[in-house]
Amino acid sequence: MMNQTMIQFFHWYSEGNGKLWKHAQEQADYLSDLGITSVWFPPAYKGTNGGNSVGYDAYDLFDLGEFDQKNSKSTKYGTKDDYQKSIKALKKNNIQVIVDIVLGHKAGGDELEKFTAVKVDENNREKIISSEIEIESYTKFTFPGRRKKYSDFEWNFTCFSGVDYAEGKDSHIYKIKSEYGDDWEEMIDDEKGNYDYLMFNDVEHRNPHVREELNKWAKWYFDETDFDGVRLDALKHISFDFYKEWLTLLRSNSGKNIFAVGEYWAPGQLNLLQKYIEATEGCMSLFDSSLHNNFHTASKEGDSYDLRNILTGTLTEADPMHSVSLVDNHDTQPLQDLEAPVEAWFKPLAYALILLREKGYPCIFYPDLYGAHYKDNDREGNEQEIFLDKVDGIEELLKARKENAYGIQRDYFEDANCLGWVREGDYEHDGCAVVLSNKEAYTKPMEMGEKYVGRTFYDVLGRSEEKVEIREDGWADFPVPAGNVSVWIPE
């Protein structure tokens, strides 16, 4: 069986003008050749900013670029027809499609409503800081541009647990008083007292009408697109009980074992990832934010970082069956709120660690394969221009995963500044030897195996021009340049 590899086929500043779906369609052959087996697409439904929305400000889940709403028919990425054609092109190349699911909040309501609420402390949402007051907010969603096609459900204030906008009042977090509970929904951690509320209109998943609508929508979305997997947004802010039910019904209604990976972003807090997996009874994988945090730290600290700790405290090491590993994503890229990019020099090393080892399901990031150029304001409000180069050797690393990263793995992690491992290969594939250093040039003695005796290996990344021959005992000395990675495969 071929190794599985995902790509996040977008970033926060992906080109708009309805071009992304067509671009993915054009790239299907190329991605398949590299060994990409699944594509994670951005949210495909209409956001409150219409054709300029990245998609996480979800307005109408049933509008996949079909209706004239929010000043556009197309989403930022294209029309519904473009989207469906892109999915078909990827599937024709045996690439699965993973769709982005945003069910924690809604934005861009159509009408104001009056209701009772209380203010809560933004740093401790359990702390009420006002008496009950009547406010007006845009909590009525009628979707006039869609005219009730696909669903006649209208959202109102009873569908939400909190808002951050009140007409004529200061921006604040307001907890809505409703029949579904005076408290926020239960979360697995006490960050900010209770981190149920994230932004916009926070969806009240205890409302049975809301749950029914979101379950019906999931079946409709599957029928329209035949997706293979889901990426679940902002799990830290959504009832874990909701997604257990939602995924169970989706899998049952679709007749398909839908893959699921969730975003529970908790850098350096493996215990929270494990707690969430336990609470949801292992119904989904999670992105390994702890491993990303290690990569970010290692890239910042340079040769003072002990590489032997690179996998310590990570989901990939502790529970690889539920781990999706990554080097960067749209939230960690420069100028985003969770900005924590992995420095360019370390990215080839990080990608070798997620692509060429046996544990985890790796996900590569669009700018690391294609590069990116964009402008935005930094946290001080100053405009910055960002150039992200394609990762040096990324295509060769992907092909090495596709063709060589199989079989028994032996680790050589005895040095703080140089790691090595070998994959023996299997009956269909030759193996590989990987060496990486965050300091000086190094030569790592490793056992490739007796079946390779006399065979010559070369560095597929071209970091070294020399060749390495496997000795009679199955061992060889594999070099790596300073601050780099070499991947050795048989000629």
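This note comments on the fold and on selected residues of the structure above.

1. Basis. The model is predicted: local features need pLDDT of at least 70, side-chain atom pairs count only at pLDDT 80 or more, and totals for chains, interfaces and linings use all residues. Residues are numbered from 1 along each chain as its sequence is written, and side-chain values use heavy atoms, with hydrogens and water left out.

2. Annotated span. An unreviewed UniProt entry carries the annotation "domain: Glycosyl hydrolase family 13 catalytic" for residues 4-414; UniProt positions are given in the numbering used here, with feature names shortened, and annotations may be inferred rather than shown by experiment. The span is 27% helix and 22% strand, and its end C-alpha atoms lie 29 Å apart. Helices (H or I, at least four residues) and strands (E, at least two) are DSSP runs, numbered from the N terminus.

3. Barrel. Eight strands, in the order β1-β2-β5-β13-β14-β15-β16-β17, close into a barrel with parallel pairing; two strands pair if DSSP finds at least two bridges between them. From one strand to the next, the twist averages 25°. Helix α8 (residues 347-355) packs on this sheet and touches β16 (323-326) and β17 (361-365), its direction making about 150° with that of β17. Axes are lines fitted to C-alpha atoms, for helices over the stretch in contact, and angles run from 0 to 180 degrees between N-to-C directions.

4. Strands β14 (residues 259-262) and β15 (residues 285-287) pair in the parallel sense over two bridges, and V261 stands opposite S285 in β15. E263 lies in the loop between β14 and α5 (270-279). Beyond neighbours within four places in sequence, E263 is in contact with R231, L232, D233, A234, L235, K236, F287 and D331; contact means heavy atoms within 4.5 Å.

5. Open sheet. Six strands form an open sheet with antiparallel pairing, in the order β20-β21-β22-β27-β24-β25. Its edge strands, β20 (409-415) and β25 (468-469), each pair on one side only. Helix α8 packs on this sheet too, touching β21, β22 and β27 (485-490), and its direction makes about 140° with that of β22. Strands β21 (residues 418-425) and β22 (residues 430-437) pair in the antiparallel sense over seven bridges, with C418 opposite S437 in β22.

6. Loop residue E450. E450 is found in the loop between β23 (442-447) and β24 (456-459). E450 counts as exposed (over 50%) because its relative accessibility is 64%.

Definitions and conventions. Buried means under 20% relative accessible area, exposed over 50%, partly exposed in between (1.4 Å probe, protein chains only).
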